[in-house]
Structures are given as C-alpha cells and as structure tokens.
Amino acid sequence: MAEVKYYDWAEVAQHNSRNDIWMVIDGKVYDITKFLDEHPGGEEVLLEQAGVDATDAFEEIGHSDDARDLLKTMYKGDLKPSVASMIHGLNANAVLGIQEKANKAAAKAQAKAVAAAASTAKAAGGSSNVMFVLVPIVAVLGFVIYKYLETSKK
C-alpha cells in the first residue's frame with residue numbers, strides 16, 4: 001500500500017482557483033480540478049469550497065455511492081493532524097452550542113448567587129451591604145468563565 005501524504009491547512013488553502021482546486025472532506029485532501037467542468041451541480045458550488053473543509057457541504061447534498069467512489073479517484077492525501085486542524089475543522093454549530101450552554105450556565109449561576117446573597121443579607125439583619133451581593137456573584141462568574149475556557153480548549 002502506498003504511503004499516505006499529509007498536507008496542512010496552509011497548503012490546502014493555496015489551491016483555491018479554477019485552475020487548481022483542492023478541498024478537504026472528512027480529513028482527506030482531494031484535487032478536484034479535472035472534475036470541475038463535469039460536476040452535475042455546477043462549478044460554482046465547488047469553487048465556493050475551494051481550499052477549505054467541504055465536509056458539511058458534501059454531506060448535506062447526500063451524494064450517491066457512485067459520487068463517493070469518484071471522489072476516491074481524486075484523493076491526494078490526508079490533512080495533517082494538529083490542534084490547528086481540529087480547531088479549523090470544528091463545526092460552527094458545535095461551537096455555538098458550547099457558547100449557548102456556557103451562557104445559560106452563567107445566567108443560572110448568577111441567579112443563584114443573587115438569591116443566595118439576598119438570603120444572606122436578610123439573615124444578617126436585612127443589611128443591604130454591597131459586599132454580601134458582590135462577592136458571591138464575582139466568585140460564581142469567575143468559576144463559570146474558568147469552566148467555559150477549560151471546555152473550549154478541548
């Protein structure tokens with residue numbers, strides 16, 4: 001079996017013109033230059049995905065087994081595994097989902113902190129001391145931000 005050639009995003013991104021077009025699908029690099037004029041969906045669709053990760057666009061269309069077999073004939077190699085590749089290839093919806101969860105967790109934590117601070121202030125004789133409210137809120141927000149940043153590193 002032939003040795004797999006690896007490419008990084010910088011190299012893939014350079015092949016983004018009508019005369020030289022590469023794309024990445026499922027971590028594999030394809031040179032689709034010769035197929036551009038034959039693509040049933042038109043060349044514009046392929047040019048939009050030139051030099052980038054086209055996995056979502058390819059899968060959304062629901063290509064046939066024949067199309068997938070044809071794609072195999074255009075295979076150049078694999079995308080070089082790296083942290084940058086993983087970040088570059090992240091699904092935008094997944095990133096937004098993480099951000100939405102972090103926002104909800106922060107709002108929930110803030111509501112709990114305010115309720116706890118109000119309860120503490122009431123138990124302390126109804127004092128409206130700002131420190132009773134501010135310290136728990138800052139602590140909870142700091143924890144939520146820490147967890148969000150820790151999660152986003154993965």
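Tutor: Residues are numbered from 1 along each chain as its sequence is written. In this predicted model local features need pLDDT of at least 70 and side-chain atom pairs count only at pLDDT 80 or more, while totals for chains, interfaces and linings use all residues, and side-chain values use heavy atoms, with hydrogens and water left out.

Student: Why are Tyr7 and Trp22 called an edge-to-face aromatic pair?

Tutor: Rings of Phe, Tyr and Trp (its six-membered ring) pair if their centres lie within 6.5 Å, with planes under 30 degrees apart stacked, over 60 edge-to-face and the rest tilted. For Tyr7 and Trp22 the centres are 5.0 Å apart and the planes are at 75 degrees, so the pair is edge-to-face.

Student: What makes Tyr30 buried but Tyr75 partly exposed?

Tutor: Buried means under 20% relative accessible area, exposed over 50%, and partly exposed in between (1.4 Å probe, protein chains only). Tyr30 has 7%, so Tyr30 is buried; Tyr75 has 33%, so Tyr75 is partly exposed.

Student: How do you know that Glu43 and Arg18 form a salt bridge?

Tutor: A salt bridge needs a side-chain nitrogen of Lys or Arg within 4 Å of a carboxyl oxygen of Asp or Glu. Glu43 and Arg18 meet at 2.7 Å, N to O, so they qualify. Arg18, Asp37 and Glu43 are also linked in a network of salt bridges.

Student: Why does Lys72 count as exposed?

Tutor: Lys72 has 58% relative accessibility, so Lys72 falls in the exposed class. Its salt-bridge partner Asp69 has 43% and is therefore partly exposed.
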